[in-house]
Amino acid sequence: MSITSSLQSLKLSSPFLHGSTSLSLLSKPNSSLSHQPLKTPTFLPPIRALKSLQGKVVCATNDKTVSVEVVRLAPHPKYKRRVRKKKKFQAHDPDNQFKVGDYVQLEKSRPISKTKTFIAVPVPSKNGRQEKKETGELGIPLESQQPQEQQA
């Protein structure tokens, strides 16, 4: 009987027993607090999903259309190694300026046809400068090209 007497001496003390706590305190928070606008952090950049891609032109035979292959690295679903995934996109090239092997940037636009939703744009240079075409010259004047002012 010692077990039953010890169980009877135990009393559970909780504010929820016997209705001692009113339910009004447990209801939803005050409406004045819930109407405060949520502020987004200013240090986070805006999310831009699939606005622009870069790839290599693999087909330029169609008029005003180029086929661009975009290569990305993605983890393998089972082995978790990074593998190359390729996908081809059709892009609008209004001036037919791109040839096979050119690198282009694809900008998202309104649907131009059933398969074309990108516009092909030349890739901007990484340094912000225009790329100089090499002509094979060093740009240093030779002695024969020096001004001959001292020969007087």
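Two strands count as paired if DSSP finds at least two bridges between them. By that rule, E2 and E3 pair in the antiparallel sense, with eleven bridges joining them. What you have above is a predicted model, so please take what follows as a description of that model.

I'll stay with E2 and E3 for a moment. The two strands form a hairpin, and six residues lie between them. In that turn, lysine 80 has a positive phi of about 60 degrees. Proline 75 has arginine 82, in E3, as its bridge partner.

Next, the other side of E2. Strand E1, residues 52-59, pairs with E2, residues 65-75, through three bridges, again antiparallel. Lysine 56 is placed opposite glutamate 69 of E2. E1 and E2 also make a hairpin, here with five residues between the strands. The turn holds lysine 64, whose phi is positive, about 60 degrees.

E1 has a further partner. Five bridges connect it to E4, residues 103-108, and the two strands run antiparallel. Glycine 55 is bridged to valine 104 in E4.

Which way do E3 and E5 run relative to each other, parallel or antiparallel? They are parallel, and three bridges join them. Histidine 92 finds its bridge partner in E5, namely isoleucine 119.

The largest nonpolar core has twelve residues, among them Leu53, Val68, Phe89, Leu106 and Phe118. E1, E2, E3, E4 and E5 each give two or more residues to this core. Which element gives the largest share? That is E2, with three residues.

On the outside, Ile112, Ile119 and Val121 form a nonpolar surface patch, and together they have about 170 Å² of accessible area. Isoleucine 112 sits in the loop between E4 and E5. Why does isoleucine 112 count as partly exposed? Its relative accessible area is 31%, and the partly exposed class lies between the 20% limit for buried and the 50% limit for exposed.

Last, glutamate 107, which belongs to strand E4. Its relative accessibility is 29%, so glutamate 107 is also classed as partly exposed. The side chain of glutamate 107 makes a polar contact of 3.3 Å with the side chain of glutamine 105. Glutamate 107 also brings us back to isoleucine 119: the two are twelve residues apart in sequence, and their C-alpha atoms are 5.2 Å apart.

Terms used. Residues are numbered from 1 along each chain as its sequence is written. This is a predicted model: local features need pLDDT of at least 70, side-chain atom pairs count only at pLDDT 80 or more; totals for chains, interfaces and linings use all residues. Side-chain values use heavy atoms; hydrogens and water are left out. Helices (H or I, at least four residues) and strands (E, at least two) are DSSP runs, numbered from the N terminus. Patches are made of residues with over 30% relative accessible area and no salt bridge: like charges are joined within 9 Å, nonpolar side chains (Val, Leu, Ile, Met, Phe, Trp, Tyr) within 5 Å. Accessible areas come from the Shrake-Rupley method with a 1.4 Å probe; for residues, only the protein chains shown count as cover. A salt bridge is a side-chain nitrogen of Lys or Arg within 4 Å of a carboxyl oxygen of Asp or Glu. Buried means under 20% relative accessible area, exposed over 50%, partly exposed in between (1.4 Å probe, protein chains only). A polar contact is a pair of N or O atoms within 3.5 Å; within protein, one must be able to donate a hydrogen and the other to accept it, and residues adjacent in sequence count only if both atoms are side-chain atoms. A nonpolar core is a set of buried Ala, Val, Leu, Ile, Met, Phe, Trp, Tyr and Cys residues joined through side-chain atoms within 4.5 Å.
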